[in-house]
Amino acid sequence: MSSSDQNPAPTPASGTGGTAPPPGRPTTVSSQAIDMGAQVMQPLKPVRQMKQHACSFALYAHDMHRQIEVHHFVSRLNQDVLQCAVYDSDKPSARLIGVEYIVSDAIFETLPPEEQRLWHSHAYEVKAGLWTDVGVPEMLQSSEMARMAKTYGKFWCTWQVDRGDRLPLGAPALMMSPQAVEPGRVRPELVRDRDQRCKVDSSACGLKAERVEMEEPEWINPNADYWRLHGKGFAVDVTATEMKQHAPFP
């Protein structure tokens, strides 16, 4: 089983390009009819709670030179906890590549240190204009962005499309947020491509300038963005283990 720090062995589910569709037959008319009927009859309540589409960038914790554009579809559990389905684009054919949980700084401070090390801060990502609600005027999203700047996220990538995987392969990979120092800087060409395609201006004359007066967190917990102080990331592997024969809880 390939870890997040290894390429999978060659299979029909792996390749060399990040845009190849997954293997499989075209969707049949009968399956399309079932989908349409279910859409009408089922409430799909959790999905309908997704109210925001945010676009940004993420870096693999075990190899921060690997950087991807990510599209978050956000639902709010309450004022302090958000959950995001993360896709590789906003197209109808977009692939679900992971999930990110976002909490306020107040909740983050209650987590044990070993847990905090898996999380990243959002202050720089927001202030630099990298995280933005696509298509929403800055005037309308400014208060939400000010709140986002004081949050922390934990993002697990389950489908490494950037290495050509045509299906989710191997273990999930922990992701980090962009930062102002190497190797956390996002490659300029990635930002330019996103800005042009999504009609976003994150330059020094655009979102970055509009957010320059935005209040920053008074303190960012050093356990977050663990790599900045320690120069180390986290990689996940899958190993065999003895099955529990008795339930650990009554």
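This is a predicted model: local features need pLDDT of at least 70, side-chain atom pairs count only at pLDDT 80 or more; totals for chains, interfaces and linings use all residues.
Two strands are said to pair if DSSP finds at least two bridges between them.

**Strands**

Strand β2 and strand β3 (residues 81-87) run antiparallel and are joined by seven bridges, and the two strands form a hairpin with two residues between them. Within this pairing, Ser75 has Gln83 in β3 as its bridge partner. Strand β3 is also joined by seven bridges to strand β4 (residues 96-104), again in an antiparallel arrangement, and here Tyr87 stands opposite Leu96 in β4. As a general point, the side chains of a regular strand alternate between the two faces of the sheet.

Helix α6 covers residues 138-148, and its buried residues are Glu138, Gln141, Glu144, Met145 and Met148. Seen down the axis of α6, these buried residues fall within an arc of 125 degrees, so they line one face of the helix.

In helix α7, which covers residues 188-198, the buried residues are Val191, Arg194, Asp195 and Cys198. They cover an arc of only 100 degrees around the axis, which puts them on the same side of α7. What do the buried residues of α7 pack against? They pack against β1, β2 (63-78) and β6 (132-133). Directly after α7 comes Lys199, whose phi is positive, near 55 degrees.

**Salt bridges**

Side chains of opposite charge can pair when their charged atoms come close. Counting a salt bridge where a side-chain nitrogen of Lys or Arg lies within 4 Å of a carboxyl oxygen of Asp or Glu, the model holds 14 salt bridges. The table lists some of them.

| Glu115 | Lys154 | 2.8 Å |

The side chains of Glu115 and Lys154 meet in a salt bridge. This pair links distant parts of the chain, since Glu115 belongs to helix α4 (residues 113-116) and Lys154 to strand β7 (residues 151-157), 39 residues apart. Both Glu115 and Lys154 are buried.

Glu138 lies in helix α6 and Arg211 in the loop between α8 (207-210) and α9 (227-230), so the pair ties together parts that are 73 residues apart in sequence. Are these two partners buried or exposed? Glu138 counts as buried because its relative accessibility is 10%, and Arg211 counts as buried because its relative accessibility is 0%, where the cut-off for buried is under 20%.

Lys150 is in the loop between α6 and β7, while Glu215 is in the loop between α8 and α9, and the two are 65 residues apart. Lys150 counts as partly exposed at 27% relative accessibility, whereas Glu215 is exposed, with a relative accessible area of 52%. Elsewhere, salt bridges that share partners join Glu69, Asp193 and Arg197 into one network.

**A nonpolar patch on the surface**

Leu44, Val47 and Met50 form a nonpolar patch on the surface, and together they have about 230 Å² of accessible area. Met50 is found in strand β1 (residues 50-60), and with a relative accessible area of 33% Met50 is partly exposed.

Methods. Residues are numbered from 1 along each chain as its sequence is written. Side-chain values use heavy atoms; hydrogens and water are left out. Buried means under 20% relative accessible area, exposed over 50%, partly exposed in between (1.4 Å probe, protein chains only). Helices (H or I, at least four residues) and strands (E, at least two) are DSSP runs, numbered from the N terminus. The arc is that of the directions from the helix axis to the C-beta atoms. Patches are made of residues with over 30% relative accessible area and no salt bridge: like charges are joined within 9 Å, nonpolar side chains (Val, Leu, Ile, Met, Phe, Trp, Tyr) within 5 Å. Accessible areas come from the Shrake-Rupley method with a 1.4 Å probe; for residues, only the protein chains shown count as cover. Contact means heavy atoms within 4.5 Å.
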